[in-house]
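Take a look at the chain below. The paragraphs after it lead through the fold part by part.

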Amino acid sequence: MIRRRFLALAVLALSACPAPTPAEDAGVDAGVTVTPVELCERLAAARCELKLRCYPAFTRPDRTACVFQENSACLAEYETLRPSFEAALVAIEPSRLADCEQRMKTSACPPSFPPDYPLAVARPFSDCGLQTGLLRGVVDAGAPCERAVECEPGTVCIKPDGVCRGTCSSWPKEGEPCGFGCGPGLRCDASDTCIPLATLNEPCTSSAECEADLLCLGSCRPRRKLNESCAFDPDRLSPCEPGLACDVVPFVSGLSGTCVRPKASGEACRFHWSCAAGLICADIDWSNFPNQATSEGSCREPDGADFSCSRSKYLRYVGDQCAPGLSCRQDTGKCQALPTLGQACTPSLQDCAGVDVYCKPSGSGDVGTCTGPAGLNDTCAFQLDANRTIGIPCSTGFCDTETTLTCRAPSRVEGQECTEDGQCLSNRCVPQPDRTLRCAPEC
């Protein structure tokens with residue numbers, strides 16, 4: 001199932017990827033303080049500016065709703081880190097926040113999926129999160145830690161066998177075991193040993209094995225130039241040189257496209273990232289996706305209310321031609337306002353408006369109701385096809401996206417493999433040195 005597989009990969013990535021390189025602080029923020037509330041307000045405004053400017057096809061809320069939802073999500077994340085703040089083990093970096101704001105509001109639009117895309121692909125501005133760059137830990141190497149953000153830059157909180165309290169340690173170096181990741185510029189090989197990233201012309205199996213500015217094409221090669229052929233690469237924001245986009249539909253096996261400059265309104269396109277900022281690639285026929293190539297679309301501004309739209313159960317993954325604040329409704333085939341709490345919705349789209357509001361499947365077809373997390377034994381997942389399932393959170397336990405498609409009570413004991421906390425009686429599913437996820441004792 002697509003959701004289960006990518007969730008496991010995402011959790012492993014959090015434990016195995018090197019920490020972001022800290023930005024140099026030249027004293028610009030000396031004497032300046034930023035509260036968590038202010039950080040969340042500023043970050044929410046910047047993220048929504050980016051999403052509305054660069055990713056209208058993937059941004060369903062309008063500006064007001066977007067800022068409210070982003071701010072609420074940031075504050076909820078802060079609450080999980082509150083003990084670290086209250087113990088003065090982390091500090092906000094005002095200069096990094098200002099840098100992220102500036103980049104999100106003014107940079108060229110990355111020809112990629114948006115920062116909050118639901119699948120495991122390369123995402124832009126990955127260094128602009130509470131746990132990925134905006135906070136500085138103060139715990140020295142060798143001292144105890146409970147959360148990764150508490151450790152000083154260049155170190156990581158190692159928790160062998162899933163213990164609750166770990167130790168801040170330097171990242172594994174070249175030649176050392178990589179169960180908990182590798183230092184910058186290194187990767188984990190098949191023998192679980194840290195080795196350097198592959199350089200130009202070295203063999204590779206994925207772009208993640210290559211240096212950051214290279215692409216895996218059997219060997220590590222430079223990114224593609226204007227008018228050269230290209231293919232979707234989940235490990236790179238774009239397989240093309242800066243300023244270019246790969247005009248190709250993602251997730252369709254074997255498809256190749258061409259590196260192009262952002263296209264103007266009215267020009268033919270294969271996907272949204274081929275179009276200039278603020279435009280979407282509209283009128284694509286998604287009926288054969290993802291098994292076959294789609295038809296060409298054309299770049300234009302997103303459609304307004306009551307415009308006819310091309311509907312697909314995969315729109316959550318491939319974007320919507322309706323303007324933010326609207327979605328392509330299954331029953332009418334038109335762009336209409338997002339459903340709210342208690343209203344009918346489409347589980348495949350997860351298109352409900354509001355914070356912690358989800359489209360709970362009815363258990364019969366692609367129809368549901370906007371509600372909070374699903375309760376025990378409630379339907380919580382919708383099967384898109386034989387290999388892909390979309391689930392919503394459960395108020396307790398976990399969503400069984402493989403068999404029953406309902407919320408089930410936790411049942412796995414310490415040491416059993418897991419994919420999420422809710423499967424474990426201890427409510428702790430944590431990475432192990434062998435890079436598996438297993439239930440660990442509760443803290």
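**A buried arginine and its surroundings**

R329 touches C309, R311, K334, Q336, A337, P339, A344, C345, T346 and D351, leaving aside residues up to four places away in sequence. Contact here means heavy atoms within 4.5 Å. R329 sits in the loop between β16 (326–328) and β17 (335–337). Helices (H or I, at least four residues) and strands (E, at least two) are DSSP runs, numbered from the N terminus. R329 is buried, with a relative accessible area of 8%. Buried means under 20% relative accessible area, exposed over 50%, and partly exposed in between (1.4 Å probe, protein chains only). The side chain of R329 also makes a polar contact with the side chain of S327, at 2.8 Å. A polar contact is a pair of N or O atoms within 3.5 Å; within protein, one must be able to donate a hydrogen and the other to accept it, and residues adjacent in sequence count only if both atoms are side-chain atoms.

This is a predicted model: local features need pLDDT of at least 70, side-chain atom pairs count only at pLDDT 80 or more, and totals for chains, interfaces and linings use all residues. Residues are numbered from 1 along each chain as its sequence is written, and side-chain values use heavy atoms, with hydrogens and water left out.

A344 stands opposite T369 in β20. Strand β18 (residues 344–345) is joined to strand β20 (residues 368–371) by 2 bridges, and the two run antiparallel. Two strands pair if DSSP finds at least two bridges between them. On to β19 (residues 358–361): 4 bridges join this strand to β20, again antiparallel. Here C359 stands opposite C370. The open sheet of 3 strands has the order β18-β20-β19. Its edge strands are β18 and β19, each pairing on one side only. The hairpin of β19 and β20 has 6 residues between the strands, and there G363 takes a positive phi near 95 degrees.

Another antiparallel pair is β4 (residues 155–158) and β5 (residues 166–170), joined by 4 bridges. V156 has S169 as its bridge partner in β5. Both faces of β4 are covered: T155 and C157 on one side, V156 and I158 on the other, are all buried.

Now the helix α4 (residues 94–106). Its 13 residues reach 18 Å from first C-alpha to last, close to the 18 Å expected at 1.5 Å a residue. The expected span is 1.5 Å times one less than the number of residues. Which residues of α4 are buried? They are P94, R96, L97, C100, E101 and M104. These cover an arc of only 160 degrees around the axis, so they lie on the same side of α4. The arc is that of the directions from the helix axis to the C-beta atoms. Q102 and T106, on the other side, are exposed. The buried residues pack against α2 (36–54), β1 (90–92) and β2 (135–137).

The largest nonpolar core has 35 residues, of which F113, Y117, F271, W286, F289, Y317 and V318 touch the most other members. A second, separate core of 23 residues includes L97 and M104. A nonpolar core is a set of buried Ala, Val, Leu, Ile, Met, Phe, Trp, Tyr and Cys residues joined through side-chain atoms within 4.5 Å.
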